[in-house]
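Please check them against the coordinates.

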Amino acid sequence: MSIIKVNNLSKSFGGVKAVSHINMAIDGGEIIGIIGPNGAGKTTFFNLLTGIYSPTSGEVIYNLDKEVSSKSFKPHKMTGYGVARTFQNIRLFKNMSIIDNVLLGYHNNMSYGLLSSLFRLPSFYKNETKAYDEALKLLEIFNLLDKKDELASNLPYGEQRKVEIARALAAKPKLLLLDEPAAGMNPNETKELTTLINWIKDEFKLTIILIEHDMSLVMGICSKVFVFDYGTLIASGTPNEVQNNEQVIKAYLGGE
Amino acid sequence: MKLFNKKNILSFLAVLIIYAIAGFFINTGFIDSYIFLNIVLIGINIILAVSLNLITGFTGQFSLGHAAFMSIGAYTAGILTAKLDQPFWIGIAGAALFASFAGIIIGIPTLRLKGDYLAIATLGFAEIVKIIGLNTEYIGGATGLNDIPRYTTWTWLYFCVVATVLFISNFVKSYKGRACIAIGEDEIAAEAMGVNTTYYKVLAFTLGAFFAGIAGALYANYFYFLKPDSFGFMKSIDILVIVVFGGMGSIKGSIAGAILLSVISLFLQGIPELRMVVYSLILFLIMVYRPQGIMGKSDFKFFKKRGVVNVYHQSK
């Protein structure tokens, strides 16, 4: 059964059709790649999946914990529905430490009230300790344990990307959306990231959708690829099928 | 052992010792009424600055209406103690509740605005409160509210300040406070991580107003007399200056800022003609050479290195 259904999804900004008439169905436990030239509508599509934009027409239906339609999407409710994301232009909390950044990911899983936080009641210590221990484990996975007290803005680019993924994982999602996770990484880092993404998919039992320009990463780990061009879906299939698709080649290289 | 680690016990003792020593000097007359007046002002300013810091420094919501919450608290306490003959604790509780209620009412519509728009909206709110005060006969209108009993003692003042500092620093070190700080850092990312930004902005605003209300009650029951003009635009700016001077997002900075600025202006009273010139010059120099404020974001560092959770972990 597919966990994400996209039905005839469109989004226009004034006269510009950023995304138009997208249909797709995605099964659980896969890594899905979304590729396409610049301005093809990939990030807009992500923003539609995470409630930052609401669709002009059509809808998205998640079937993660329970069935939710894009009519009830709000950005802050998405982690509650089991969806977490990263951003194309890294959005870490720059003046907070790495551990605090990751702890913020646990926001929805914290369950103590205002009085407990003002008076430091036992539930404060219980929740905070649990989240702190889990955050340490996450940082260990990403090899960032020794930098936990560093400010986020002091980390190199590649590691900031990792912190962002760790923060998203802290929200305990079922579906993880990665917007250009390998941007700004060198080939070695990309290789390492490829292994890591594959590993977290199995370890955390996730479905991952990623936007990426780095074809080595996309072709290496995605089981299915969707190709966008001018807001429409021009091709989908396994990496091999897509690579040999004429329309895709035309979109990337141009043609008559 | 959770609550009773070494650091907490030491701070608890320090709080009691400072209270006892200062109380002793006040009772024996070593601290005269003029110095005590200034101590009251410093205490009130600490409460105001720390509570505004929660709104502006931590949550990043630029508010120019903090004096309005103080005036709501002051008038509530004034009415409760002077007109209705209630004891002081009811005055303080009423002031805090009323001010925080005003915080909710104002917060819900205005906190959708950002940056300078929010500043103008809160400024407008403060003016409305002032004009309502000027035109309400029951609370004396422009002539002011008189004959408020003097209940503010060293004990009330000191423990209100301690409670404010304690509760607000506990708050910013909880997940709710972390959500507020995250909103100040990057609203979109905070939202994507599940933070209901409107709720937390209103929460920070309400908590800040709650403590500003307490400051107002202490003010009303010390100075016998209230008039709406004392809580105008300039009072809000004064509080903001303390927060920026001490360091946005630093509670220690707000405390240090409130004390330092009061002491500076106290010393400058010897040269009344040049007082404001020198005072402004000091502010100017601090902002040029230390734009992050005297304490910078030092609370954050403190939190990271030896914060509650870390301390708890090390002491386990």
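1. Phe69(B) is buried in this predicted model.

2. What does Phe69(B) touch, once residues up to four places away in sequence are set aside? The list consists of Ala99(B), Ala102(B), Gly103(B), Phe125(B), Phe205(B), Ala209(B), Ala212(B) and Gly213(B). As a distance reference, Ile132(B) is 63 residues from Phe69(B) in sequence and 13 Å from it in space, C-alpha to C-alpha.

3. Leu64(B) sits in the loop that joins α2 (33-58) to α3 (66-83) in chain B. Although placed in a loop, Leu64(B) counts as buried, because its relative accessibility is 10% and the limit is 20%.

4. Beyond its neighbours within four places in sequence, Leu64(B) contacts Ala119(B), Thr122(B), Leu123(B), Ala126(B), Phe233(B), Ser236(B), Ile237(B) and Leu240(B). Between Leu64(B) and Ile251(B) there are 19 Å, C-alpha to C-alpha, at a sequence separation of 187 residues.

5. Chain B also carries a nonpolar surface patch with about 1200 Å² of accessible area in total. Its members include Phe4(B), Ile9(B), Leu16(B), Phe24(B), Phe30(B) and Phe159(B). Helix α1 (residues 6-27) is the main contributor, giving nine residues.

6. Is Leu13(B), a patch member, buried, partly exposed or exposed? With a relative accessible area of 42%, Leu13(B) is partly exposed; this value lies between the limits of 20% and 50%. Leu13(B) is located in helix α1 of chain B.

7. At the interface, 37 residues of chain B are in contact with 38 residues of chain A. The two chains bury about 3700 Å² between them, and carbon and sulfur atoms account for 65% of that area.

8. How many salt bridges does the rule find across the interface of chain B and chain A? It finds two. A salt bridge between the chains joins the side chains of Arg91(A) and Asp186(B), with an N to O distance of 3.0 Å.

9. On confidence, the mean pLDDT of chain B is 86, and 93% of the residues score at least 70. Residues 300-316 of chain B fall below 50, yet this stretch has 37 contacts in the model beyond near neighbours in sequence. Where pLDDT is low, predicted coordinates should not be read in detail.

Conventions
Residues are numbered from 1 along each chain as its sequence is written. Chains are lettered from A and ligands numbered from 1 in the order in which they are written. This is a predicted model: local features need pLDDT of at least 70, side-chain atom pairs count only at pLDDT 80 or more; totals for chains, interfaces and linings use all residues. Side-chain values use heavy atoms; hydrogens and water are left out. pLDDT is the predictor's confidence in each residue, from 0 to 100. Contact means heavy atoms within 4.5 Å. Patches are made of residues with over 30% relative accessible area and no salt bridge: like charges are joined within 9 Å, nonpolar side chains (Val, Leu, Ile, Met, Phe, Trp, Tyr) within 5 Å. Accessible areas come from the Shrake-Rupley method with a 1.4 Å probe; for residues, only the protein chains shown count as cover. A salt bridge is a side-chain nitrogen of Lys or Arg within 4 Å of a carboxyl oxygen of Asp or Glu. Helices (H or I, at least four residues) and strands (E, at least two) are DSSP runs, numbered from the N terminus. Buried means under 20% relative accessible area, exposed over 50%, partly exposed in between (1.4 Å probe, protein chains only). Buried area is the accessible area (1.4 Å probe) that two parts lose on being put together, summed over both.
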